[in-house]
Protein chains: 2
Amino acid sequence: MKKSHLLYPLIIGIFAALIWFIIAQGERLPVREHAPLTTITPAAPAAPGSGVFSELLHHAQNPLSLLLLQIIIILCVARLFGYLAQKIKQPAVVGEIVAGIVLGPSLLGLVWPEAMNAIFPKTSLTNLQFLSQIGLAFFMFIVGMELDISKVRQKAHDAVMISHASIIIPFFLGVSLAYFTYQEFAPANVNFISFALFMGIAMSITAFPVLARIVQERGLTGTPLGTMAITCAAADDITAWGILAVVVAIVKSTGILSAVITISLALVFVFAMFFLVRPWLQKRMTAVQGSKTKVALAFFVLLISGYLAEVIGIHLLFGAFIAGVIMPQEMNIKSLLTDKLEDVSVLILLPIFFVLTGLRTQIGLLNEGHLWVVFGVIMLVAVSGKFAGSALTARIVGQPWQEALSIGALMNTRGLMELVVLNIGYELGILTPQVFAMLVLMALATTFMTGPLLDLINYCYARRHKVGINMN
Amino acid sequence: MKKSHLLYPLIIGIFAALIWFIIAQGERLPVREHAPLTTITPAAPAAPGSGVFSELLHHAQNPLSLLLLQIIIILCVARLFGYLAQKIKQPAVVGEIVAGIVLGPSLLGLVWPEAMNAIFPKTSLTNLQFLSQIGLAFFMFIVGMELDISKVRQKAHDAVMISHASIIIPFFLGVSLAYFTYQEFAPANVNFISFALFMGIAMSITAFPVLARIVQERGLTGTPLGTMAITCAAADDITAWGILAVVVAIVKSTGILSAVITISLALVFVFAMFFLVRPWLQKRMTAVQGSKTKVALAFFVLLISGYLAEVIGIHLLFGAFIAGVIMPQEMNIKSLLTDKLEDVSVLILLPIFFVLTGLRTQIGLLNEGHLWVVFGVIMLVAVSGKFAGSALTARIVGQPWQEALSIGALMNTRGLMELVVLNIGYELGILTPQVFAMLVLMALATTFMTGPLLDLINYCYARRHKVGINMN
């Protein structure tokens, strides 16, 4: 045995003994008992009751533990429902949205309110909200990156026309609906224009990401129908988020002058992003080396853009979206960033957003038959505006009926984009919990019906033409 | 021109007119004025004063805008100081830590307190703290992943012996120091054992990540010295974080029995992670397909591990670290995860942690000559314990003097690991702001001196042996 191997236990032993000795001595020193310094965060007070288990319970109730537990539960339930949704041939996101509603007052809170209040006490939601906000910002950034504006430009006319028609028709229907429901359903002290514009925008959203996933899952990528639908949805998203920015600006402003100035600032902001930041970024991205610096640069643009959008008054998420749109196509920067952000935001942070939406959705508020009639009208307006509006326009610009109807069915997908808009409206105080619940249900139903509608259209045409199914 | 191109402006125009008409009609509807529903988050009240600029200012002061602004400022300053540090051949992290102190009360707060209070008002720090906590958890997870336990086991004896000696000697010195400073510097109502154990652990930390970076930057990777130093630091980290878990358990517990049970639970937890979760994870990772599922699985283990550690009472960060250590080596899962997490956490979230540390560090508290003498003693104890302790042990186990001294210099690097430990102590209320400031300065000084010390050792030996520098 080497000499050093004998030395080892000796050294450790001697010093351990010395440490023990000093601690034993020090324990006899009097404890200082003057008033505690105010700048120190005091150690958490002992839990009421004694014993180890109450101590563990106490640790389990601190905000950090609770947050971790919430995330664990959210991820498990979201995963489970996402899996179930895929089993019935729905996109996983439909299951995840349902998971959120299941954990909220509409189901868990109804059958076992103690559990819901223990897992999601009202005071604990701030951190979750914060996380979901970050997740949405990343998500909108990714959505922005996935839009390829040059493609929209190429395909321009037909797609843009379908897209704009598929926004303005449901927007008009939404505004009309607002006219008849304002007296009964608008919150107090909200003026008509805010309520109407929000109802309009709520009707005219298309979920670009969910639509893209459905197109992909059905093997339509690259087909004329798939390309047309995706291009329409992209044009839709850009237009709808532009309108949303205007609506938020109007709602947040204190008067007409201030709204006009906000919108002008927003326009200056968008132009600056496109015509100053975009070329500059393209040059910088070519100049700098190392993916780390590129990622840092992209994040920086994202942060600044989000900040400016928020200060101007057109919402962080719009800034994140624009930052994504202006990211350079080349040099794989987009795939690099998507790679870094997508998993974290889609796997972890979006389910948190769904659950927060679910916690706000009180389906129990629709406890009168009368309200379900209103919900039916909302559904009718939503589907006829978006589905029929897009399908008719597609037919008018020359698509055959089958393609036109399929485009209508795809554009009718509200998905999580709608939820983002609804939450913004809710937070601005424009939607009451009742209207919010109805619109969430509408978003869910329209997303859910996309797959079956497409199947139905295919089935009908397959039968009529007595040919094989050519769209599956 | 196609017929549809004429239809387009027609459709848009008609519907735009219709929307305008309905809004004009609706504006005449009476605004509902009953009491607002309590469940609605009210829209932000208008800013005092009027005009657009006060409105923009108002938007800029909402918590979200402020948070974005804080992050933007933190990243800019951190980047600048990191760049300056690299210019004087220091690792960037030294500059980033200095950036934190510069933005805190020690410098910005001294010369321009209004700016510091405007950018970092006390009430706004919660979200930053939360982000930095997430960043640290990811970071500890990555540090854990980078440790290759099998390598430590192979090299076992010498490295482990140097490592343990380099912990227990400074630990002993730290405890001794606590004995003499307890009366003057311990916070009220903190018993001696907590204070002493924390001083001990504060003296015996080595910054594995900073050390690894220095070894890499000096081209020592793969050399006997580099390998030995990294293996020692890895063994150091595992041991020190184990001791820290015990110390936190003791400090948080209400009595001896409860401390013993907490430590037993911690042992059960660690054993379960190594001998149950680790093999299970290895099997699952081979079984599942697609990197997304693998990432989700790894996150899930990270979350559960952090949660259990927090509930047991041994800190989230310990759980994150252990989760990293048990990640399977194979199948590139580690590099996949590091890829996803490292940039976000290292580039964005760690600078936030440094600034929070800087905001807590009030160097101005050391306003008496007497306190600087105490700081001198702390520095002496820290350096002699870690540098001399490691160097002597390395010499005893048979390293030549030059290598032994170099290992001592490397192990003396406290880096950001020390800051993590100090913040835990501060949050537990064991370190007063005075002691905290002194220990932060100590961590900074010992990290800063590593490079020059290595140069000095090389220079001396190069002169003495009249041979070329063989370690540069």
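Mentor: A:His315 is buried, because 25 other C-beta atoms lie within 10 Å, and 20 or more is enough for that label. A:His315 sits in a loop of chain A, between helix H13 (291-312) and helix H14 (316-325). The backbone at A:His315 has a positive phi of about 75 degrees, although the residue is not a glycine. Most residues other than glycine have a negative phi. Chain B repeats the picture: B:His315 has a positive phi of about 75 degrees and is not a glycine either. B:His315 lies in the loop between helix H13 (291-312) and helix H14 (316-325) of chain B. B:His315 is also buried, with 25 other C-beta atoms within 10 Å.

A rotation of 180 degrees, with 0.0 Å of shift along its axis, superposes chain A on chain B with an RMSD of 0.0 Å. That is the relation of a two-fold axis. In chain A, the C-alpha nearest this axis belongs to A:Lys340, at 2.4 Å from it. The contact between the chains takes 94 residues from chain A and 94 residues from chain B. On the side of chain A that touches chain B, 62 of the residues are nonpolar, 23 are polar and nine are charged. Of the interface residues of chain A, 100% are also interface residues in chain B, so the copies meet through the same surface. For the complex, the predictor gives an ipTM of 0.79 and a pTM of 0.82.

The secondary structure of chain A comes to 19 helices and zero strands. Its C-alpha atoms fill a box of roughly 90 × 60 × 55 Å along the principal axes. Chain A has 472 residues, and 51% of them count as buried. Among the contacts in chain A between residues at least 6 apart in sequence, 76% join residues at least 24 apart.

Beyond four places in sequence, A:Leu211 touches A:Thr206, A:Ala229, A:Ile230, A:Ala233, A:Leu410 and A:Thr413.

B:Pro105 is buried, with 22 other C-beta atoms within 10 Å. Leaving aside neighbours within four places in sequence, B:Pro105 is in contact with B:Leu110, B:Met116, B:Leu359, B:Gln362 and B:Gly364. B:Glu418 is 313 residues from B:Pro105 in sequence, and their C-alpha atoms are 20 Å apart in space.

B:Phe375 belongs to a helix, H16 (residues 369-396) of chain B. With 20 other C-beta atoms within 10 Å, B:Phe375 is buried, because the cut-off is 20 or more. Not counting residues up to four places away in sequence, B:Phe375 touches B:Leu366, B:Met438 and B:Leu441. B:Phe375 and B:Thr262 are 113 residues apart in sequence and 34 Å apart from C-alpha to C-alpha.

A:Gly451 is in helix H19 (residues 433-465) of chain A. A:Gly451 has 19 other C-beta atoms within 10 Å and is therefore partly exposed. Beyond four places in sequence, A:Gly451 is in contact with A:Lys89, A:Gln90 and A:Ile214. The C-alpha atoms of A:Gly451 and A:Ile243 are separated by 28 Å, and the two residues are 208 apart along the chain.

Last comes the confidence of the prediction. Chain A averages a pLDDT of 82, and 90% of the residues score at least 70. Over residues 35-49 of chain A, pLDDT stays under 50, and the model has 23 contacts beyond four places in sequence for them. Residues 467-472 of chain A also stay under 50, with six such contacts in the model.

Definitions and conventions
Residues numbered from 1 in each chain as written. Chains lettered and ligands numbered in written order. Predicted model: local features only at pLDDT ≥ 70, side-chain atom pairs only at ≥ 80, totals over all residues. Contact = placed C-beta atoms within 7 Å. Nonpolar A, V, L, I, M, F, W, Y, C, P; charged D, E, K, R; others polar. pLDDT = per-residue confidence, 0-100. Least-squares fit on C-alpha atoms with pLDDT ≥ 70 in both. Helix = DSSP H or I, 4+ residues; strand = E, 2+ residues; numbered from the N terminus. Buried ≥ 20, exposed ≤ 12 C-beta atoms within 10 Å, placed from the backbone.
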